[in-house]
There are 2 protein chains.
Amino acid sequence: MTEAKKIDFQTDPARYRHWRIETDGPVANLVMDVDEAGGLFDGYELKLNSYDLGVDIELADAVQRLRFEHPEVRAVVIRSGKDRVFCAGANIRMLAGASHSHKVNFCKFTNETRNAIEDASENSGQRYIAAVKGACAGGGYELALATDHIMLTDDGSSTVALPEVPLLAVLPGTGGLTRVTDKRKVRRDRADVFCTVEEGIKGRRALDWRLVDEIVPNATFDEGVGARAAEMAAANPLSGPGPHTGIELASLERSIDADGVRYSTVTVAIDRDGRRAEITIAGPTVEAAATPEAIHAEGAANWMLNAARELDDAILHLRANENEIGTIVFKAQGDPERVATHEAALLDNGDFWLAREILLYWKRVLKRIDMTSRSLVALVEPGSCFAGPLAEIVFACDRSMMLEGQFEGDNRPPAELRLTPGNFGPYPMPNGLSRLETRFLGEPEALEVARGRIGEAIDAEEADVLGLVTFAYDDIDWEDEVRIFLEERANFSPDAMTGMEANLRFPGPETMETKIFARLTAWQNWIFQRPNAVGEEGALKRYGTGQRAAFDMTRV
Amino acid sequence: MTEAKKIDFQTDPARYRHWRIETDGPVANLVMDVDEAGGLFDGYELKLNSYDLGVDIELADAVQRLRFEHPEVRAVVIRSGKDRVFCAGANIRMLAGASHSHKVNFCKFTNETRNAIEDASENSGQRYIAAVKGACAGGGYELALATDHIMLTDDGSSTVALPEVPLLAVLPGTGGLTRVTDKRKVRRDRADVFCTVEEGIKGRRALDWRLVDEIVPNATFDEGVGARAAEMAAANPLSGPGPHTGIELASLERSIDADGVRYSTVTVAIDRDGRRAEITIAGPTVEAAATPEAIHAEGAANWMLNAARELDDAILHLRANENEIGTIVFKAQGDPERVATHEAALLDNGDFWLAREILLYWKRVLKRIDMTSRSLVALVEPGSCFAGPLAEIVFACDRSMMLEGQFEGDNRPPAELRLTPGNFGPYPMPNGLSRLETRFLGEPEALEVARGRIGEAIDAEEADVLGLVTFAYDDIDWEDEVRIFLEERANFSPDAMTGMEANLRFPGPETMETKIFARLTAWQNWIFQRPNAVGEEGALKRYGTGQRAAFDMTRV
């Protein structure tokens, strides 16, 4: 399996090979019908509705489009288009052949997609049902775990299962262990049994053990699912001001070449020798649409929505296709006040579904940045527009540096930071706190001081005093300080960086999300390195060969 | 470095090579003065107050003895016996030469020792001060982080540092990252700077960044430390009924041979072919001492204290010296009512320092079991005495099986479980919940039902209905079910077991402790496998050779 091929995270329903969206008024069916020959790479067939990253890119796109293009949909049924299998999970041959970094990236993206499903349910009232007929194993059951309601046919054979441990000597890769214990609250010794029973658990015991929410006689399964979906949809009517019709997520303007990616408002410039990428975001150039009708009329052209989509794609591109780029440098250029105005138009119309969706999407994109295992640095320079959602990027970074005054011979206005109400709540981190709350865990009074400065242009000296940036430098020191930092960072062990950043970025409370990303992922990464899983005699490599894996039995 | 040598966790001050306990009324000095030639294994010298597991075994012993033998001590100053260095952290040559499992076990034990320091401060009012003069780096700073109050001399050169990332390409191994962000609440971008600055941070900046609590002029450092210790001691007088004098922790009765370990109340039988160890705990045979005076007169002979000490040593022995033993089977034999009575005597005298210390020690031993990366199973058989603290072991296990009725031809009384108030609070898990609360996260009503059964003899059928055991079997099925489970477990990948158990055992809330053990440890384990750290060209292997490490720059 070769990974030289670039992975593209952009798709649309007309191009799907593995999923169908079938909407019927307030209910949608999301039908998984994986094309065996449609793997992202050569060397494996996607049998039994097993999936690879390409399948999940379509699912992520479908979940996103259901929110923006079909706000009338209030319940989504995930079902299989195959007769005898719901979903067999991640494709094992793909996993066995993939590089460590691809496996880890794949798991991260699929986790983010499952979280997006839960976010749609929790925050957009688009509720999800898993209609399970046939085998539902591994990643298949983890997909079901991301829904609100798991319905299992009682046909005497259909099971739910997490067979990764007994079959493959790895952990379920998409939050399965955490959702079993923390979302479904399965008793821990039963979870232990469940996770070591290769064949899974069916019928009554699956229900009694809280592994599914409902078992339905096979003869009436489809009607049962339909009735439940209709009921859940009716319980969640779309409210707030209209228009209540969807908007189209048109294709992004994008050109990719060897040195970077250029979108309409986001530019990615890659410095391979320096092992870093610079992402520059251009602020809005037009006035903000200020009413539901006007926001709706803008649709995907809305600056906030468009910037989020482009930034999201840029981050995913770097994660998947640029593995030796260790540092991402964020810059912005534009009018900070106008950025604040565009965000304010959405916050002021927060009861309008589309405004809410755009803000929720920003929340997810910012979390995608938090979870990106590259060193993140913001350079707050003259002419930049780090306000509201863009200031949030500064607070997401491992470090930020801000220039005092101007560069010689450069008449762009001195750098400023501009706080908005958006920096105090609407974009929580995976730990459930705002980035400023997280930043000021030890100095809650500093949070209140910052809140008092909402709307003001904060210059470098002030930002330093307020604790909003790591360092402020004058133009004499700036170039050297930035250069030394970037060079130093590029020479550290990338593994140590990944581990250190994963720990330092998320102080304070833990949530199911931080547990999945920080704790479960770390164990998984560890196991994905172990010869017992990935060695020539390991379980992942030997799966399907008829040979048993040979284990080094040393406990660690 | 050979690891064939058995590691012994028993020591006493007369045998210390690296530490001295100097008590002076309510203040003790714990002086670290590591003997360079006193390493646990050959192949490295413990220069600059660097440490290996042997050094930490002495520290753990000292912390324990201060609680039991010196309850009059109310403030403990950790200081260095060397002139120019506080502590240089874990010995790097030792780490570079150690097996993966030894490194992981070493970090786990040192973490437990740091937690024991924090437990002594929080629950026994024995407060700790780190008096830092000279370099305080890596594990040295992590030791300081475990204290209540870090005092740094302002001599222009003494620093605190976590140089692991830049110097060795690994993470600080003993909770450093988590304590920096979550205990000391250092701002995350400053934590990022601190953890990448090899030379550390000194003086005023260390104070401003919350890395230390106090900087003291070098000329008055010792007086300053003495005054602070006297003040902290005076603020924490020993209260409650007497006697207020310490008891002696006499040497354990213990014989070790190839097939196991025999203590006075605990027996460890090793089945190497089955890759399992059976730990049997004998219940008390004498009446419980019921008054402070009587408990004090028993001293280390108190059944609860003695059983905790023996169990603790048995677990540590298996962890360190029996790496291929994948499963620990817990059994008990004795009178359950008498176990409950012995525990009740301590709970009823909870304001007496020694009763409290014994219960707190049980809490720590039970946590040691929770954190042991071996499959844990309890077999609740006729004649067993799983009551109170021993029932807690059943709830700590990954699985428990209980026999219905008696074995044919065996007249021991049928198995029973006996709940006590001890099962509902005094022994919280690392997640802060009792084991039953954790078990019944999804069924809080079951917790209340169980609480209503305190003091009753609960037989297997009832225990099954109440959810207190995983499975109840009759004597026809028992043997096969137990055998099949143990055989199956022994054949799973030990890595997958470790990862699965670490996730399933700790649902619900997270604490600094679970973060350190589950999240930080997992990242560390991952990095300890990576060629960038441990490969021939990795940073850990090349440290001190003059050659730079060669890194694979792929980000994961």
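This is a predicted model: local features need pLDDT of at least 70, side-chain atom pairs count only at pLDDT 80 or more; totals for chains, interfaces and linings use all residues.

Modeller: Two packed helices are described by the angle between their axes and the distance between the axes. In chain A, helix 3 (residues 100-124) packs on helix 20 (residues 512-527) of chain A at an angle of about 160°, and the axes are 11 Å apart. Helix 3 of chain A and helix 20 of chain A are therefore roughly antiparallel, and their crossing is right-handed.

Biologist: Which residues of helix 3 of chain A and helix 20 of chain A make the contact?

Modeller: Helix 3 of chain A contributes A:H100, A:V104, A:C107, A:K108, A:N111, A:E112, A:N115 and A:E118, while helix 20 of chain A contributes A:M512, A:E513, A:I516, A:F517, A:T521, A:Q524 and A:N525. By class, the residues of this contact of helix 3 with helix 20 of chain A are five nonpolar, six polar and four charged.

Biologist: At what angle do helix 3 of chain A and helix 13 of chain A pack?

Modeller: Helix 13 (residues 353-370) of chain A and helix 3 of chain A pack at about 150°, with their axes 11 Å apart. Helix 3 of chain A is thus roughly antiparallel to helix 13 of chain A, as angles over 145 degrees count as such. The crossing of helix 3 and helix 13 of chain A is right-handed. On the helix 3 side of chain A the contact is made by A:F109, A:E112, A:A116, A:D119, A:N123 and A:S124; on the helix 13 side of chain A, by A:R356, A:E357, A:L360, A:K363, A:R364 and A:R368. Three nonpolar, two polar and seven charged residues make up this contact of helix 3 with helix 13 of chain A.

Biologist: How many residues of chain A are in contact with chain B, and what area is buried between chain A and chain B?

Modeller: The contact involves 89 residues of chain A and 88 residues of chain B. About 8,400 Å² is buried between chain A and chain B, with carbon and sulfur atoms giving 56% of that area. Of the area that chain A buries against chain B, A:R188, A:R519 and A:R555 supply 13%, more than any other three residues. Of the interface residues of chain A, 99% are also interface residues in chain B, so the copies meet through the same surface.

Biologist: Where do helix 19 of chain A and helix 20 of chain B meet?

Modeller: The axes of helix 19 (residues 494-504) of chain A and helix 20 (residues 512-527) of chain B come within 10 Å and cross at roughly 175°. That makes helix 19 of chain A roughly antiparallel to helix 20 of chain B. From helix 19 of chain A, A:D495, A:A496, A:T498, A:G499, A:A502 and A:N503 meet B:R519, B:L520, B:W523, B:W526 and B:I527 in helix 20 of chain B. The residues of this contact of helix 19 of chain A with helix 20 of chain B are six nonpolar, three polar and two charged.

Biologist: What kind of peptide bond joins A:G242 and A:P243?

Modeller: A:G242 and A:P243 are joined by a cis peptide bond, with omega about 5°. A:P243 lies in the loop between helix 9 (221-234) and strand 13 (254-257) of chain A. In chain B, a cis peptide bond joins B:G242 and B:P243, with omega about 5°.

Methods:
Residues are numbered from 1 along each chain as its sequence is written. Chains are lettered from A and ligands numbered from 1 in the order in which they are written. Side-chain values use heavy atoms; hydrogens and water are left out. Contact means heavy atoms within 4.5 Å. Axes are lines fitted to C-alpha atoms, for helices over the stretch in contact, and angles run from 0 to 180 degrees between N-to-C directions. Helices (H or I, at least four residues) and strands (E, at least two) are DSSP runs, numbered from the N terminus. Angles under 35 degrees count as roughly parallel, over 145 as roughly antiparallel, 65 to 115 as roughly perpendicular and the rest as oblique. A crossing is left-handed if the near helix is turned anticlockwise from the far one by less than a right angle, and right-handed if clockwise. Ala, Val, Leu, Ile, Met, Phe, Trp, Tyr, Cys and Pro count as nonpolar, Asp, Glu, Lys and Arg as charged, and the others, Gly among them, as polar. Buried area is the accessible area (1.4 Å probe) that two parts lose on being put together, summed over both.
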